Each structure stands twice: as C-alpha cells, then as structure tokens.
Amino acid sequence: MPAFICTACGTQYPDSAQAPSQCRICEEERQYVPEAGQGWTTLEALAKSHVNQFREYEPGVTGIGAGFAIGQRALLLQTPGGNILWDCVATLNDATVSAIKAKGGLKAIAISHPHFYTAMGEWARAFDCPIHLHAADKDWIVNPSPAVQLWDGETHRLWDGVTLIRCGGHFEGGTVLHWQDEKQPRGVIGAGDILSVTTDRKWLSFMRSYPNFIPLSAREVGGIDAALAPFAFDKIYGHYFDRVIARDAKHVFERSVARYIAAINGVRGY
Ligand SMILES: [Zn+2]
C-alpha cells in the first residue's frame with residue numbers, strides 16, 4: 001500500500017489503500033488547501049518528478065531540496081560530533097541517500113516544526129538514526145515513526161556544540177538549532193521559519209501563519225528573544241536556499257525583534 005504525500009505541504013501519511021480524504025496540516029490556519037484542491041503523490045512518484053539540489057554554503061553546511069510543496073530545503077550539518085539533518089523534505093530518493101552516505105550518513109534528524117516533518121520516517125529508516133521533535137507539537141505527528149524521540153523543556157543538547165532551542169511562536173514547540181564549536185566558533189543558527197529570514201535577507205520576521213498573514217503577539221516574539229538571549233551566533237540559515245544571513249546575525253536578530261514589536265504596537269520610524 002502506498003504512503004500518500006500531500007502535494008501542498010509535503011506531509012507523508014501512513015500506508016493506506018486510498019488517499020486520505022484531507023490533509024490535517026493543510027486544513028489548519030497555518031497552511032492552506034490550494035485552489036485546485038487537495039492533491040497527493042508518493043515517494044516513488046516524487047523520485048521521478050523531482051531532483052534534489054545540493055548547495056554547499058560552506059564546508060560542513062549543505063542545503064538539500066527540490067522545491068517541492070512548501071519549497072523548503074533541509075540542511076546537512078557536518079559537525080565534529082556527527083552529521084545532522086536539520087529540517088526535512090519529502091523528496092528522498094536513492095541518489096540523495098548515496099550522496100549523504102558518501103558524506104558520512106546521519107547521526108540524527110531534528111526538525112523545527114510540523115510543516116517540515118514531511119517524510120521524516122523514511123529518512124530515519126534510510127539512515128538508521130533518531131528524529132528529535134519537541135513534545136509540544138506531538139499531536140501534529142500524522143505518521144508516527146519508531147525513530148521519533150520527543151524532547152521537552154526549553155533546550156535539548158544533542159552533543160557537544162549542538163543544541164536544540166525551543167522558541168515557540170509559529171508552533172508551540174517551534175525549535176531552532178544552535179551549533180557552536182571549533183568548526184563554527186562564532187555560532188550558527190538553523191532557523192526553519194521559526195525565525196523567518198525576510199525576502200530582502202536583511203531582517204527576520206516572526207509569524208503564526210505565513211500564507212494566511214496571522215502575526216505573533218509582542219509577548220510571543222519576546223519569548224523568542226528570551227530563548228535565544230544566552231546563545232552567540234553570527235550566521236542564520238533560513239528555510240529556503242536563498243534565505244541566509246551570512247554575518248552579524250545576532251545584531252540582525254535583535255534589531256528585527258525590536259522592529260517587529262514596534263510595528264505590532266503601531267510605532268513607525270524605528
Ligand atoms: Zn498538506
């Protein structure tokens with residue numbers, strides 16, 4: 001039986017003879033059902049229709065994605081403690097598995113929020129590794145995998161230099177990844193769209209729903225600010241190939257929080 005994948009958000013559902021009647025993720029206010037209606041595909045069909053692109057941003061940081069569904073790309077982070085896939089995409093094929101195995105495979109997968117859970121169980125099976133998800137979002141796991149390890153609380157250290165940080169906001173368990181060690185001495189954030197690198201790539205913004213334009217409150221964005229306050233970082237990798245803040249990212253973050261809170265309070269000229 002096929003495991004159907006939603007063509008709008010990339011979420012894979014459990015094996016079923018018939019496609020599900022609807023996608024739980026897309027029916028909710030943070031996503032949408034396209035005008036043409038609910039569509040479904042499978043991993044096998046995607047392997048014929050989509051080719052993953054690999055973009056090496058710097059040694060040890062490689063973007064992987066095919067522009068499918070929401071269009072995010074995942075990041076392969078080759079840290080001294082092991083390789084991690086940060087965020088996930090539904091397009092997993094043999095060539096992708098081979099290319100990642102040639103770089104040492106995966107020690108872990110961690111995902112920022114449910115829109116990027118996609119086909120995470122297939123990735124975990126291919127690389128025989130755990131998937132780290134924040135427990136606050138567990139009700140959005142529509143295709144349970146034995147590889148899922150839920151974590152609770154505000155931070156979760158994967159190994160030396162790699163920490164998951166719960167920011168909340170877009171989702172209650174919204175998570176970013178912080179990597180800082182001898183290979184990344186100034187610190188890097190994998191942000192997903194928990195911190196969203198804006199289209200001009202000069203700022204960050206923060207939303208409950210991007211497609212439906214529902215903002216977060218000042219209190220929620222203040223919570224994101226507090227969650228990241230203890231961490232140093234100089235670069236932020238957003239969720240699309242071109243969304244990177246390549247330097248001075250801590251100041252960009254701080255300025256962006258201030259701009260957001262001013263804007264939502266109706267203050268201009270910040
Ligand atoms: Zn969907």
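**Figure 1. Pairing of strands β8 and β9 in the predicted model.** A110 stands opposite H132 in β9. The model shown here and in the other views is predicted. β8 covers residues 108-110 and β9 covers residues 131-134; the two strands pair in the parallel sense, over two bridges.

**Figure 2. The open sheet of seven strands.** The strand order is β4-β5-β6-β7-β8-β9-β10, and the pairing is mixed. At the edges stand β4 (53-58) and β10 (148-151); each has a single partner strand, so one side of each is left without a neighbour in the sheet. On average, neighbouring strands of this sheet are turned by 25 degrees against each other, with direction ignored.

**Figure 3. Helices α3 and α4 against the strands β4 to β10.** Helix α3, formed by residues 94-102, lies across β4, β5 (61-65) and β6 (74-79). The helix α3 runs at about 25 degrees to β4. Helix α4, formed by residues 120-127, lies across β7 (82-86), β8, β9 and β10. The angle at which α4 runs to β9 is about 150 degrees.

**Figure 4. The open sheet of three strands.** The order of the strands is β2-β1-β3, with antiparallel pairing. β2 and β3 (40-41) are the edge strands, and each of them pairs on one side only. Between β1 and β3 the antiparallel pairing runs over two bridges. In this view, I5 stands opposite T41 in β3.

Figure 5. H178 is placed in strand β13, which spans residues 175-179. The relative accessible area of H178 is 5%, so the residue counts as buried, the cut-off being under 20%. A polar atom of the H178 side chain lies 2.6 Å from the backbone oxygen of A232. Residues up to four places away in sequence aside, H178 touches G161, V162, T163, I165, G187, V188, I189, F231, A232 and F233.

**Figure 6. Surroundings of D234.** D234 lies in the loop between α5 (218-228) and β19 (235-237). With a relative accessible area of 16%, D234 is buried. The side chain of D234 is joined to that of R186 by a polar contact of 3.3 Å. Neighbours within four places in sequence aside, D234 is in contact with R186, G187, I245, A246, R247, D248 and A249.

Methods. Residues numbered from 1 in each chain as written. Predicted model: local features only at pLDDT ≥ 70, side-chain atom pairs only at ≥ 80, totals over all residues. Heavy atoms only, no water. Helix = DSSP H or I, 4+ residues; strand = E, 2+ residues; numbered from the N terminus. Buried < 20%, exposed > 50% of the residue type's maximum accessible area, 1.4 Å probe, protein only. Polar contact = N/O pair within 3.5 Å; in protein donor to acceptor, adjacent residues only side chain to side chain. Contact = heavy atoms within 4.5 Å. Pairing = 2+ DSSP bridges. Axes fitted to C-alpha atoms, helices over the stretch in contact; angles between N-to-C directions.
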